[in-house]
Amino acid sequence: MAYLAPIHRPSSVRLTLRLNLLDYKEECLVLAKANRLEIWRATEEGLEMAYSKSIYGRISMLQRIQPAGSKTDHLFVGTVRAQYFTVMWNPTTQTLDTMQSFVDLSPENLRDSESRDRCLVDPTGRLLVMELYEGVLNLVKIVKPRGGKTDYLEKPEQVRISEMKVRASAFLYTDTKQPKLALLYQDAKGNVRLATYRMLDDKGHLALQFDPKKDRENDVDGLCVGAMHIIPVPKGGDEGSKRYIVRNATTAKANLGGLVVVGETRFTYLDDESKATVEYPLDEAVLWAAWEAIDERNYLLGDDYGYLYVLTILVDGATVTGMKVVKLGQVSKPTSLENMGNGIFYVASHEADIKVIRIDFQSSPDQSVTVLQKIPNIAPILDFTVMDMGGRDGETQLNEYSSGQARLVTGSGGFEGGSLRSVRSGVGLDDIAILAEMDGIRKVFALHSGPSLPNDILVVSFSTETRFFKFDNKGEVEEVETVRNLSATAETLLTYNLNNGCILQVTQHEAVVYGNDPIHRWQPPDGEMITAASGNQNYVLLSSNGRTLVALSIQQNLAEIAHQELGDDQAACIHVPQVLGDVGIVGLWKSGSVSLLDLGTLNTIVSEKLRRTDGASVPRDIALTQILPPELSGPTLFVSMEDGVVLSFIVNKDDYSLSGRKSIVLGTRQAQLQILPRDDTTFNVFATCEHSSLIYGSEGRTVYSAVTAEGAVAVCSFNGEAFPNSVVVATTDELKLAVIDNERRTHVTTLPIGETVRRVAYSARERAFAIGSIKRKLIKGQELITTSFRLVDEVMFGELGEPFYFPQNNEFIESVIRAELPTKYGDGELVERFLVGTSFLHDSEVNIRGRLLIFGVNNDRTPYMIAEHPLKGSCRCIGILDGKIVAALNKTVVMYNYEETSSTSANLTKTATYRCPTCPISIDTTGNIIAVADIMKSLALVEYTPGVDGLPDKLEEVGRHVQQVFATSVAEVDTDTYLESDHDGNLIVLKRNREGVTREDRLRLEVLCEMNLGEMVNCVKRINVATSKDALLIPRAFVGTTEGSIYLFSLIPPQHQDLLMRLQSQLASLPTQGLSYPEFHSGTIELSPGNLDFNKYRSYVSAVRDTSEPFRFVDGDLIERFLDLGGDVQEIVGRALGVPAEDLRGLVEGLRRFC
């Protein structure tokens, strides 16, 4: 049994709509992201999400409806399964209330429209038209509710039309009460034409028959063959004179109130009444993607490359005299554009980040676009890889996402919007106050002027001075010259409050205790300075010139009690913990080691070498504190290394020995470690680096969570009266107060590539990602495509070495993997190589349609080609089995023997082949089994048998799923168990039946689980996570989709299967169940707007098979909604299951922590 939960929700925006939904005085923006509705509103800081709700269906259309008598607009929503409903905003409950819903019951023999489903409402708000099928219109009249009913949509009526391949449609602006619909379509001969129809007759009844000969009011041909959009143009209220229809088309003038046909090479304006046209040829061909009205005469257009244009209709009074198109700047390729007013536009995108821009129409076109806000979008996920940030020193690779140790790196977006994205679990840092704008901050410290907390003094240290800020009990901040006479003319290395009411300050020149009379002071010998300092309530440990360690006793008025010369070594960092008593820690430069010292004598207690044989990094910062509860573990020692690796050890409280060494990569340079209090017995550690992290304990494990602290250089805890439990964060240019949000969330870091990142592979040895990317350029109207293979750094994503370029406009990368292959030279050890499969767009030679390339990496970290092997088909995917290369070609899976004779040459020899039913799209190798996902014929298991006694190697089919499935990806998730995805958005778990009675039974793969995800999956990657025997889930794979979603796929242990299935059934039936309890009002526990059925939504659906409910699959998103229910509803669910509600809450909280 399987469990699927989202770790990153869909980010692609396919549909947008502006309407007065929340307030009749204020417009808001509604977005459709796969199955989620989001409502955004404008604020002073930019657009902010006001409401978000997932529904039981993938959204295919949005439209605005304003029923009679309603001040606010209602939202019409349609799904891909022909389910439709309207909702209104309830200001009392702050939720969406369903007003009306219906299901389209059209015959199954109707053919879906070639373009996306469309929904239009005429300008008078009387008629709604849906385009769902070829040659069919669904007409719905919008009426005034009667008889005390709230329904305002009449029963849909279907009308046949002769225009089959409709490209675009729009209602025109007319003076009559008869809505007129324009259809841009392609006829049987491939010509693009425009037809217009009246939708209501003279009596206001629906026109239920459209005869092209009788009912067409306009039939325009000769339009641009690339036309895909039509723009209706209002008549305008200031025409100045009446319009007179001229029957002679040769002398007729085109007046306002018509439409613009947007073509690739020319625009055509049509006045539908006079039938006059105006042509406007473009200077160069443009592929248009979206448009939006600026005003009645100007329109914003976006093209396939993300460039924006302004179309202006030139008029003389009410007569259209021409058109003009002006090119502006480049943003994201739009799926939709929305005019937010005051020159601000929302640019929705499927292939790049969503942007909010301002356009200054008075400035020069190339400088008129300003990006105000950028909202990350990681769709579509073309490929991804899992980077285990730990495991550098040989420990087990965990791939555990929730702990922050696993980082997913995705190849996202398309062409100009292409990028690498780092997706990692983390916590939020919510800013509460900006204290000052300043740069050059080195450290920050919090003090209290009274005998105890709260903090009311902030000490900010710079390279040449120290500044002091004092807080009052209301949170007002004032900068003061000094506090308690602390030095302000030197950099402060350390300062903190002592238990006796004094304050210790250490600068480069002295250590001083302020508050006593006389003041106690210690200074280094002449010619030396203090380079590092750390202390507790009893001791201060100093480093003088980096070569001498000095221990001072605070109880003895800073008397020097111990002194140690380091000889030819130097102290790289020192630390005195608040736990473990009188122990100090020093990290050494030359030896690359860390030592625990007795502060009374500075004698070494324990020493640990930190470097591995191939490393030269040195420790740069140290923190020892109690991360996990004392009853579970001893203190944890963290050592930040110069190369960005953080090492951790468990410290034995009795003999101070170090054990349990682990490592994790947080950046490319050393992280600064700051201990923050958590509760009375445990602490957190804040690590500031390129990707700042919060280290804390959770459920007996150490968690590394990403933190939204871009540019942080120093932090400290600040528990003030007005700002309790806060942290001070110093960045490169400002000082601010913030609060750490305990709720974990997904953090996304972006590296814009400007190219389609087709494939991604990760090498822990090279500490780099290998990417295959495709770049396009438009030069003088001609599109040039360039493909390249390159390496980028694992942390900063900076390019390494020089890219390897492929022939222009001909060869494309299909697959990239990292592998260890055998060699025939030297000691015959395995070497790391990158394997690249390609395909040719045009056959340059007979029978050569692709190549298999082997790349190595030289000392400059530049990929170089070792071997190439021409193929008779495109190399769709590659795998490694028993040291041999498996390549999936157009119709065949081929196994090659690899012989590397030198570091620059190798040979590939074909050893075995397997013929596929159609075309393999994905493969997965485990042991001697190759799982082959076919583009039409589902999954087959192929067994590799090495040849013996002179017989050749053999690939033999040992299992097959016999149903028709258009597969997209496959991965083994357990022994003989495979997860397969298809292009209809289904997930199927298949099991090999080795124990079958007959051979047919053993060859047939059994379906263990299946459900419809609603999003097409591009990539499935298996992971290995160590779990306990009583674990709620066994994580097995990550799943990436075209909509930008990432899911965690898990197997459910047998002891939890029954409860989770019954819990899902109860939650799915809540809308119905709620009506049977008198204490609940109808709709109080509606989990999805529209009264949609969960089982129907998640049921398997394809062109050949449709089920009624998911099979042995648990939807984690639904299960987690249990926590959003009221306590009384939770009690009802618990009673139905026979489980206390408190136990259910604990169960669901445990499931949520996996993601």
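Visitor: Where is leucine 183 found?
Guide: Leucine 183 sits in strand E15. Strands (E, at least two residues) and helices (H or I, at least four) are DSSP runs, numbered from the N terminus. A word on the ground rules: this is a predicted model, in which local features need pLDDT of at least 70 and side-chain atom pairs count only at pLDDT 80 or more, while totals for chains, interfaces and linings use all residues. Residues are numbered from 1 along each chain as its sequence is written, and side-chain values use heavy atoms, with hydrogens and water left out.

Visitor: Which residues does leucine 183 touch?
Guide: Contact means heavy atoms within 4.5 Å. Leaving out residues up to four places away in sequence, leucine 183 touches Ile161, Glu163, Val166, Ala168, Ser169, Arg193, Leu194, Ala195 and Tyr197.

Visitor: What makes glutamate 217 and lysine 180 a salt bridge?
Guide: The term asks for a side-chain nitrogen of Lys or Arg within 4 Å of a carboxyl oxygen of Asp or Glu. In this pair the closest N and O atoms are 3.0 Å apart, so the pair meets the definition. Lysine 180 belongs to strand E15 (residues 180–186), and glutamate 217 to the loop between strand E16 (192–198) and strand E17 (218–220), 37 residues apart. Lysine 180 is buried at 1% relative accessibility, whereas glutamate 217 is partly exposed at 27%.

Visitor: How do you know that arginine 467 and glutamate 479 form a salt bridge?
Guide: Their closest N and O atoms are 2.8 Å apart, so this pair also meets the definition. Arginine 467 lies in strand E35 (residues 466–471) and glutamate 479 in strand E36 (residues 477–480), so parts 12 residues apart in sequence are tied together. Arginine 467 has 24% relative accessibility and counts as partly exposed; glutamate 479, with 39%, is partly exposed too.

Visitor: What about the side chains of arginine 790 and glutamate 755?
Guide: They meet in a salt bridge with an N to O distance of 3.2 Å. Arginine 790 is in strand E62 (residues 782–793), and glutamate 755 is in the loop between strand E59 (735–752) and strand E60 (756–763), 35 residues away. Arginine 790 is buried at 7%, and glutamate 755 is buried at 8%. Elsewhere, bridges with shared partners join Asp304, Lys333, Glu351, Glu416, Arg776 and Glu783 into one network.

Visitor: How many salt bridges does the structure hold?
Guide: The structure holds 56 of them.

Visitor: What makes asparagine 557 and leucine 558 worth a look?
Guide: Most residues other than glycine have a negative phi, and most peptide bonds are trans. Asparagine 557 has a positive phi of about 60°, and leucine 558 has one of about 65°. Asparagine 557 lies in the loop between strand E43 (548–553) and strand E44 (559–565), and leucine 558 is in the loop between E43 and E44 as well. With 41% relative accessible area, asparagine 557 is partly exposed; leucine 558, with 3%, is buried.

Visitor: Which kind of peptide bond runs from alanine 379 to proline 380?
Guide: That bond is cis, with omega near -15°. Proline 380 is in the loop between strand E29 (369–375) and strand E30 (381–388). Another cis bond joins leucine 453 and proline 454, with omega about 15°.

Visitor: What share of the residues of the protein chain count as buried?
Guide: Of the 1155 residues, 57% count as buried. Among contacts between residues at least 6 apart in sequence, 51% join residues at least 24 apart.

Notes
Buried < 20%, exposed > 50% of the residue type's maximum accessible area, 1.4 Å probe, protein only.
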